[in-house]
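Work through the exercises below with the sequence and the three-dimensional view side by side. Each task is followed by a solution that goes step by step.

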Amino acid sequence: MSSEITPRANAPLLHLFQGKPVRLIGRVTEIRGETATLDAAGSVTVYATRDSNFKEGNVYEVIGRVQPDLSLKMLDGMDFGTNIDMDNANALAELSQRHHEIFFDK
Amino acid sequence: MSYDIGYNSNYGGGFGAGGGGFVSNTYGSDGINNSQSGGERSISESKSRVRPVTIKQILDASQAHPDSEYSVDGVDVSTVTFVGIVRNVLNQTTNSTYRIEDGTGTIEVRKFVSADKPDSDRISGPQMGDYVRIIGELKSFFNNKRQVNGNLIRIVTDYNEVIYAQLEALALHLQTLHPERQGGTGGTHQETKMAGIQPSTRSYTNENLTSLQRRVLDTLSSAVEQASNEGVNIDIISQRVGANPHTVQEACEYLSELGLIYTTIDYDHYKLT
């Protein structure tokens, strides 16, 4: 059973999860070939999967593995559209660190 | 860096709006009867409040002994709600089993199909990769495997709900662990100790209710029947509020969804929590 836990992260939190999978909600600011730059309380480089179809300006939830340079190698992703409250998304990422007991075991 | 979040005021509405159907499906007679195996189910099980949780909280829930209720943060819980992604669907004759994952864990949710329209249920039902809102009863089996019997499985269309659902689970968790930190009268947002999270019931009370919903709450809080176990019949609430029973029923279902009131002996009787 693939039940890997994916803690929520944003740009400032990625360093806590090197080599591990995370969930990150961010808005696409730039697309270059198969890499995209997402804004998630800071800039994050995402190495996209071939079928990711990123659209500039849209918010995505990316499940990806954190690389040593704090980029994300995407495993899965979902288009959340344009109308997402990023303050809430970033709050959730930070709060799930502070109160990780209901989100993931440290 | 701190985030001052006012997610209740932003998404309390969305939760309900996306859930116009959501609320009525949950407690509508159709939904309840069809979603239970035999339709024979003790009323006591439906009494309890709906608790927003993460899947990890379900997996971590404790049980005093194999037949007792599950406990989350020391509070008995039987009906839970959460949002997650469908990772697998298994269609069987009488039910569909969905494997749901929310980043904190994975759990199976079983939904019994309507006897009269099994095919349409499945065609319009959730597919792999969909984010879904689940409301269901927590069950365990002989091997201590946990499962949720889904009363409602609704496909999420506004993805703010994904974020909101986990913030709400966290707010409830903190509120349960630290009840003393709740704002006093709840009149203003003065209480920000809990990382900026307002205890959800206070905020709902203050801001996001329609005047009808407020009147229902006021009526219940002043009702003499509030002291009884049965609470107040929906027809009596309607008379006192002066609105038609159907809209009052909807208001009650919404308030019950928020955990402000709950059903007692049947779906026509309500009490304040």
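**Exercise 1. Find the residues through which helices α9(B) and α11(B) of this predicted model meet, and describe how the two helices pack.**

Step 1. On the side of α9(B), the residues in the contact are Leu212(B), Gln213(B), Val216(B) and Leu217(B), and they meet Thr247(B), Val248(B), Ala251(B), Cys252(B), Tyr254(B) and Leu255(B) of α11(B).

Step 2. Sorted by class, this contact of α9(B) with α11(B) holds 8 nonpolar and 2 polar residues, and no charged residues.

Step 3. Two packed helices are described by the angle between their axes together with the distance between those axes. For α9(B), which covers residues 211-222, and α11(B), the angle is about 80° and the axes are 9 Å apart.

Step 4. Because angles of 65 to 115 degrees count as roughly perpendicular, α9(B) is roughly perpendicular to α11(B).

**Exercise 2. Describe in the same terms how helix α10(B) packs on α11(B).**

Step 1. Helix α10 of chain B runs over residues 234-241 and helix α11 of chain B over residues 245-257, and they pack at an angle of about 110° with their axes 9 Å apart.

Step 2. That angle makes α10(B) roughly perpendicular to α11(B).

Step 3. The residues of α10(B) in this contact are Ile234(B), Asp235(B), Ile237(B), Ser238(B) and Val241(B), while α11(B) brings Pro245(B), Val248(B), Gln249(B) and Cys252(B).

Step 4. By class, the contact of α10(B) with α11(B) consists of 6 nonpolar, 2 polar and 1 charged residues.

**Exercise 3. Which residues have the most contacts inside the largest nonpolar core, and what surrounds Phe82(B)?**

Step 1. The largest nonpolar core has 66 residues, and those with the most contacts inside it are Leu24(A), Val46(A), Phe82(B), Ile100(B) and Ile134(B).

Step 2. Helix α7 of chain B, residues 160-177, gives the largest share of this core, namely 10 residues.

Step 3. There is also a second, separate core of 15 residues, which includes Leu220(B), Ile234(B), Cys252(B) and Leu255(B).

Step 4. When its neighbours within four places in sequence are left aside, Phe82(B) is in contact with Pro52(B), Val53(B), Thr54(B), Ile55(B), Asp102(B), Ile134(B), Ala165(B) and Ala169(B).

**Exercise 4. Describe the side of chain A that touches chain B, and then examine helix α1(A).**

Step 1. In the contact between the chains, 24 residues of chain A are in contact with 24 residues of chain B.

Step 2. Strand β6 (72-81) and helix α1 of chain A each supply at least two residues of the side of chain A that touches chain B, and the largest share of that side, 9 residues, comes from α1(A).

Step 3. By class, this side of chain A has 12 nonpolar, 6 polar and 6 charged residues.

Step 4. Helix α1(A) covers residues 86-98, and at 1.5 Å a residue its 13 residues should span 18 Å, which agrees with its end C-alpha atoms being 18 Å apart.

Step 5. The buried residues of α1(A) are Asn88(A), Ala89(A), Asn90(A), Ala91(A), Leu92(A), Ala93(A), Glu94(A), Leu95(A) and Ser96(A).

**Exercise 5. Is Ala41(A) buried or exposed, and is Asn53(A) buried or exposed?**

Step 1. Ala41(A) is found in the loop between β3 (35-39) and β4 (43-47) of chain A, and its phi is near 55°, a positive value in a residue other than glycine.

Step 2. Because Ala41(A) has 22 C-beta neighbours inside 10 Å, Ala41(A) counts as buried.

Step 3. Asn53(A) lies in the loop between β4 and β5 (59-66) of chain A, and although Asn53(A) is not a glycine, its phi is positive, at about 50°.

Step 4. With 12 C-beta neighbours inside 10 Å, Asn53(A) counts as exposed.

**Exercise 6. How far apart in sequence and in space are Glu101(B) and Tyr131(B)?**

Step 1. Glu101(B) is found in strand β6 of chain B, residues 95-101, and it counts as buried because it has 21 C-beta neighbours inside 10 Å.

Step 2. Glu101(B) and Tyr131(B) are 30 residues apart in sequence, and 9.3 Å apart in space from C-alpha to C-alpha.

How values were computed
Residues numbered from 1 in each chain as written. Chains lettered and ligands numbered in written order. Predicted model: local features only at pLDDT ≥ 70, side-chain atom pairs only at ≥ 80, totals over all residues. Axes fitted to C-alpha atoms, helices over the stretch in contact; angles between N-to-C directions. Helix = DSSP H or I, 4+ residues; strand = E, 2+ residues; numbered from the N terminus. Parallel < 35°, antiparallel > 145°, perpendicular 65-115°, else oblique. Contact = placed C-beta atoms within 7 Å. Nonpolar A, V, L, I, M, F, W, Y, C, P; charged D, E, K, R; others polar. Buried ≥ 20, exposed ≤ 12 C-beta atoms within 10 Å, placed from the backbone. Expected span 1.5 Å × (residues − 1). Core = buried A, V, L, I, M, F, W, Y, C linked by C-beta atoms within 7 Å.
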